[in-house]
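User: I would like to go through the labels used for this model and the grounds for each. Please set the values against the cut-offs.

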Amino acid sequence: MKILFKKPIVSTNEKEKEFLLVLTKVPAYLNVEEMGGHFLLALDNSLGIETLQQLFVLFEDWGIDKSPLESFNQLVNQYQ
């Protein structure tokens with residue numbers, strides 16, 4: 001599964017590296033590619049509720065538009 005989302009607005013390259021490091025800790029993470037002002041996140045087939053919840057928190061913490069995750073919103077809310 002792949003999710004395309006806008007890059008977070010960060011003040012330094014160090015902050016972007018920090019974000020990418022945090023992203024690698026998400027369960028089901030495979031890789032991430034930079035595509036202009038976006039990232040393309042690849043997740044493996046073990047995608048589960050823990051991964052989705054962490055992505056929602058990560059997007060919230062870094063001020064990223066959560067609309068690419070909205071199709072999963074019902075699934076996440078079902079388990080909260």
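This is a predicted model: local features need pLDDT of at least 70, side-chain atom pairs count only at pLDDT 80 or more; totals for chains, interfaces and linings use all residues.

User: What makes β1 and β3 paired strands?

Analyst: Pairing requires at least two bridges between two strands. β1 and β3 (residues 38-43) are joined by 5 bridges, so they count as paired, and they run antiparallel. Along this pair, K2 has A42 as its bridge partner, and I3 stands opposite L41.

User: Why are β1 and β2 called edge strands?

Analyst: The open sheet has 3 strands in the order β1-β3-β2, with antiparallel pairing. β1 (2-6) and β2 (29-35) each pair on one side only. On average, neighbouring strands of the sheet are turned by 20° against each other, direction ignored.

User: Which strands does helix α1 touch?

Analyst: Helix α1 (residues 13-24) packs on the sheet and touches β1, β2 and β3. Its direction makes about 150° with that of β2.

User: Why is T51 called buried?

Analyst: Buried means under 20% relative accessible area. T51 has a relative accessible area of 2%, so T51 is buried. T51 lies in helix α2 (residues 49-61).

User: What is T51 in contact with, leaving aside its neighbours within four places in sequence?

Analyst: Contact means heavy atoms within 4.5 Å. With those neighbours left aside, T51 is in contact with V26, P27, A28 and L43.

How values were computed
Residues are numbered from 1 along each chain as its sequence is written. Side-chain values use heavy atoms; hydrogens and water are left out. Helices (H or I, at least four residues) and strands (E, at least two) are DSSP runs, numbered from the N terminus. Axes are lines fitted to C-alpha atoms, for helices over the stretch in contact, and angles run from 0 to 180 degrees between N-to-C directions. Buried means under 20% relative accessible area, exposed over 50%, partly exposed in between (1.4 Å probe, protein chains only).
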